[in-house]
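I opened my notebook to go through one model.

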Amino acid sequence: GAGMGLAGLAAMHCEAESVLLTDLDTKAILHMRTNLVQNAPPAGTCAEATNLDWARPPDRDAELEAECAHSPARRVLLEGADVVLAADIVNAAGLSELVYEMLVRYLSASGDFFMVCPKPCHRHTVDRLRTLLLESTHFECTVVDVPPWLSRSAQAIAAGAEDMEPAEFEVIEYELYHTRWRI
């Protein structure tokens with residue numbers, strides 16, 4: 001899920017029309033909501049944090065339609081997202097397939113999916129998603145190395161984090177995935 005919502009907050013301040021932050025974890029959703037309040041969206045941007053279980057996505061039915069009528073940000077659950085941002089979301093077995101299915105379900109026909117994650121040699125579960133995306137008949141996917149300047153920025157952030165060892169960033173290499181529907 002969105003965790004603390006950093007990617008969504010960045011999109012929000014790049015003046016996205018609407019931003020929907022999702023997670024399964026109740027604490028993460030509370031943190032996201034706090035971050036949305038503390039980093040108020042610019043005028044004209046609708047932002048919301050809500051629960052989304054990738055294993056049990058909501059049915060596209062009258063109930064969801066009614067729920068989305070009152071929330072422009074949740075309209076992506078019906079209409080699809082123009083941009084999906086993700087960072088290090090594949091960290092357990094089975095998540096690769098769920099991420100892939102979420103893209104099939106929620107990425108609009110002209111949408112783009114961007115994900116930054118550790119290279120498969122550092123996080124074995126990423127290898128499965130990498131294979132699904134690169135061999136997909138639905139999507140075209142490009143994978144590039146994250147530039148060193150960005151890795152150094154991550155190291156600087158980790159140096160101040162209480163739950164992250166800065167040395168971890170010194171050995172982990174990252175990749176950026178860009179995925180969109182095949183034409």
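Is Thr-22 buried or exposed? I find Thr-22 buried, as its relative accessible area is 14% (buried is under 20%, exposed over 50%, partly exposed in between, with a 1.4 Å probe and protein chains only).

I note that this is a predicted model, where local features need pLDDT of at least 70, side-chain atom pairs count only at pLDDT 80 or more, and totals for chains, interfaces and linings use all residues. Residues are numbered from 1 along each chain as its sequence is written, and side-chain values use heavy atoms, without hydrogens and water.

I placed Thr-22 in strand S1, residues 18-23 (strands are DSSP runs of E, at least two residues; helices are runs of H or I, at least four; both are numbered from the N terminus). Beyond its neighbours within four places in sequence, Thr-22 contacts Gly-1, Ala-2, Met-32, Thr-50 and Leu-52 (contact is heavy atoms within 4.5 Å).

Next, the rings. I get 2 aromatic pairs (Phe, Tyr and Trp rings, the six-membered one for Trp, with centres within 6.5 Å; planes under 30 degrees apart are stacked, over 60 edge-to-face, the rest tilted). Tyr-100 and Phe-139 are edge-to-face, because their planes stand at 85 degrees, with centres 5.5 Å apart. Tyr-100 sits in helix H5 (residues 95-106) and Phe-139 in strand S5 (residues 139-145), 39 residues apart.

Phe-139 also pairs with Trp-181, tilted, at 4.5 Å and 40 degrees. Trp-181 is in strand S6 (residues 174-181), so this pair ties together parts 42 residues apart in sequence. Phe-139 is buried at 0% relative accessible area; Trp-181 is partly exposed at 22%. I log Tyr-100, Phe-139 and Trp-181 as one aromatic cluster.
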